[in-house]
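Colleague: I'm new to this one. Can you put it on screen and walk me through it?

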Amino acid sequence: MKNRSQYILFVVVVLLVQVLLLNNLTFSPYIAPLAYIVLIIMTPLGTSSLKMILIGTLLGLVMDVTMGVVGINVIATLPVAYFRRPILHFFAAYTDMDGEGGVPTKLRISRFHNYVVAMVVIHSLIFFGFE
């Protein structure tokens with residue numbers, strides 16, 4: 001997402017879908033759709049670690065308030081936000097990355113899939129571990 005307004009619209013849409021639709025779906029106590037993690041996955045690659053921590057904190061706080069829980073989302077979102085860049089570097093070479101978009105442009109689908117799965121697994125283990 002090269003345009004800041006596109007990214008802001010993306011954030012608003014994902015948060016609305018999460019809050020209005022997905023928070024009301026529960027398949028079992030340990031299966032809950034948490035789509036807001038895509039906001040961290042798709043954050044532009046040039047974002048500094050400090051900004052990622054702030055984004056993760058704000059995102060976790062918003063989700064905690066809307067879900068009516070105390071701190072679980074913040075606790076689960078912060079490590080994912082902080083370790084996002086090292087995890088991405090593990091799955092992709094630095095030359096595969098475009099600093100403006102959240103998804104590396106030359107990254108193969110399998111590498112991107114592995115990156116997304118790793119991020120979701122880390123987030124889910126922490127989230128459901130504390131729940």
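Modeller: Let's start with a pocket. The second largest pocket holds about 180 Å³ of space. Keep in mind that this is a predicted model.

Colleague: Which residues line the second largest pocket?

Modeller: The lining is Tyr7, Val11, Leu15, Leu39, Ile55, Leu58, Leu59 and Val62.

Colleague: Which helices supply at least two residues of that lining?

Modeller: Helix H1 (4-20) and H3 each do. H3 gives the most, with 4 residues.

Colleague: And how does the lining of that pocket split by class?

Modeller: It has 8 nonpolar residues, no polar ones and no charged ones.

Colleague: Let me pick one from that list. Where is Leu39 found?

Modeller: Leu39 sits in helix H2.

Colleague: Buried or exposed, and why?

Modeller: Leu39 counts as buried because its relative accessibility is 3%, and the cut-off for buried is under 20%.

Colleague: What does Leu39 touch, leaving out residues up to four places away in sequence?

Modeller: Tyr7, Phe10, Val11, Val14, Leu15 and Leu59. Take Leu15: Leu39 and Leu15 are 24 residues apart in sequence, and their C-alpha atoms are 8.9 Å apart in space.

Colleague: Is Thr43 buried or exposed?

Modeller: Thr43 is buried, because its relative accessible area is 1%.

Colleague: Let's zoom out. How many helices and strands are there in the chain?

Modeller: The chain has 6 helices and 0 strands. From the N terminus, the order reads α-α-α-α-α-α.

Colleague: What share of the chain is buried?

Modeller: 34% of the 131 residues count as buried.

Colleague: And the surface: what comes from carbon and sulfur atoms?

Modeller: Those atoms account for 71% of the accessible surface, which comes to about 7,700 Å².

Colleague: What part of the contacts joins residues 24 or more positions apart?

Modeller: 65%, taken over the contacts in the chain with a separation of 6 or more.

Colleague: Now cavities. How many are there of 30 Å³ or more?

Modeller: The count is 1 cavity. The largest cavity has a volume of about 50 Å³.

Colleague: What lines the largest cavity?

Modeller: Thr47, Ser48, Ser49, Met52, Ala81, Tyr82, Arg84, Arg85 and Pro86. Helix H3 (49-67), helix H4 (72-82) and helix H5 (84-91) each give two or more residues to that lining.

Colleague: Which helix gives the most to it?

Modeller: H5, with 3 residues. By class, the lining of the largest cavity has 4 nonpolar, 3 polar and 2 charged residues.

Colleague: Back to H1. I spotted Gln18 in that helix. Buried or exposed, and why?

Modeller: Gln18 counts as buried because its relative accessibility is 0%.

Colleague: What does the side chain of Gln18 reach?

Modeller: The backbone nitrogen of Tyr36, at 3.4 Å. The C-alpha atoms of Gln18 and Tyr36 are separated by 6.5 Å, and the two residues are 18 residues apart along the chain.

Colleague: What does Gln18 touch, not counting residues up to four places away in sequence?

Modeller: Asn23, Pro33, Leu34, Ala35, Tyr36 and Met63.

Colleague: Met63, you say. Which side chain reaches the backbone oxygen of Met63?

Modeller: That of Thr66, at 3.1 Å. Thr66 lies in helix H3.

Colleague: What is Thr66 in contact with, leaving aside neighbours within four places in sequence?

Modeller: Val19 and Asn23. Asn23 is also among the residues Gln18 touches.

Key
Residues are numbered from 1 along each chain as its sequence is written. This is a predicted model: local features need pLDDT of at least 70, side-chain atom pairs count only at pLDDT 80 or more; totals for chains, interfaces and linings use all residues. Side-chain values use heavy atoms; hydrogens and water are left out. Buried means under 20% relative accessible area, exposed over 50%, partly exposed in between (1.4 Å probe, protein chains only). Contact means heavy atoms within 4.5 Å. Accessible areas come from the Shrake-Rupley method with a 1.4 Å probe; for residues, only the protein chains shown count as cover. On a 1 Å grid over the protein atoms alone, a cavity is a set of points where a 1.4 Å probe fits but cannot get out, and a pocket is an open set with protein on both sides within 12 Å along at least five of seven lines; lining residues have an atom within 4 Å of a point. Grid points are joined across faces, edges and corners, and a volume is the space filled by probe spheres set on the points. Ala, Val, Leu, Ile, Met, Phe, Trp, Tyr, Cys and Pro count as nonpolar, Asp, Glu, Lys and Arg as charged, and the others, Gly among them, as polar. A polar contact is a pair of N or O atoms within 3.5 Å; within protein, one must be able to donate a hydrogen and the other to accept it, and residues adjacent in sequence count only if both atoms are side-chain atoms.
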